[in-house]
Amino acid sequence: MANNPGAKKAVRKIARRTEVNKARRSRVRTYLRKFEEALAAGDAGVAKAAFVEAQSELMRAVSKGVVHKNTGSRKVSRLAAQLKKLAVA
C-alpha cells in the first residue's frame with residue numbers, strides 16, 4: 001500500500017481518472033451500439049447519422065487517450081466498411 005504522500009496522491013488521482021475514462025469508454029460503446037442497431041434495421045440514412053456520431057466519439061476517445069490511435073482508426077474503418085456494404089445492398 002502507498003506510504004508516502006506522493007504515492008497516496010497518485011492513488012487518488014488514478015482513481016479519479018479511472019472513473020472519467022470508464023465514462024468515456026461507456027459513451028463510445030453506446031454510440032457503437034446505436035450504429036449496430038441502425039445497421040441491423042437496414043436504414044441507410046439512420047446508419048449514416050449513427051456512423052458520424054460513433055466516429056466522432058471514437059476519435060474523441062483517441063484524443064483523450066482512452067483508446068489507442070490505431071485501435072480507433074481500425075474501428076472506424078470497419079464501421080465504414082459495414083456502412084458501405086449496407087449502402088451497396
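What share of the contacts in the protein chain with a separation of 6 or more comes from residues 24 or more positions apart? The figure is 55%, with contact meaning heavy atoms within 4.5 Å. This is a predicted model, in which local features need pLDDT of at least 70 and side-chain atom pairs count only at pLDDT 80 or more, while totals for chains, interfaces and linings use all residues. Residues are numbered from 1 along each chain as its sequence is written, and side-chain values use heavy atoms, with hydrogens and water left out.

As for the overall build, the protein chain has 3 helices and 0 strands (DSSP runs, numbered from the N terminus: H or I of at least four residues for helices, E of at least two for strands). Its C-alpha trace spans about 60 × 20 × 15 Å along the principal axes. Of the 89 residues, 25% count as buried, that is, under 20% relative accessible area with a 1.4 Å probe, protein chains only.

Helix 2 (residues 44-64) and helix 3 (residues 69-88) pack at about 175°, their axes 9 Å apart; axes are lines fitted to C-alpha atoms over the stretch in contact, and angles run from 0 to 180 degrees between N-to-C directions. That angle makes the pair roughly antiparallel (over 145 degrees). Helix 2 brings residues including F51, L58 and M59 to the contact, and helix 3 supplies V76, L79 and L83 among others.

Also in helix 2 sits A50, which is buried at a relative accessible area of 8%. Leaving aside residues up to four places away in sequence, A50 touches K34, F35 and A38. A15, by contrast, lies 35 residues from A50 in sequence and 32 Å away in space, C-alpha to C-alpha.

Key:
Angles under 35 degrees count as roughly parallel, over 145 as roughly antiparallel, 65 to 115 as roughly perpendicular and the rest as oblique. Buried means under 20% relative accessible area, exposed over 50%, partly exposed in between (1.4 Å probe, protein chains only).
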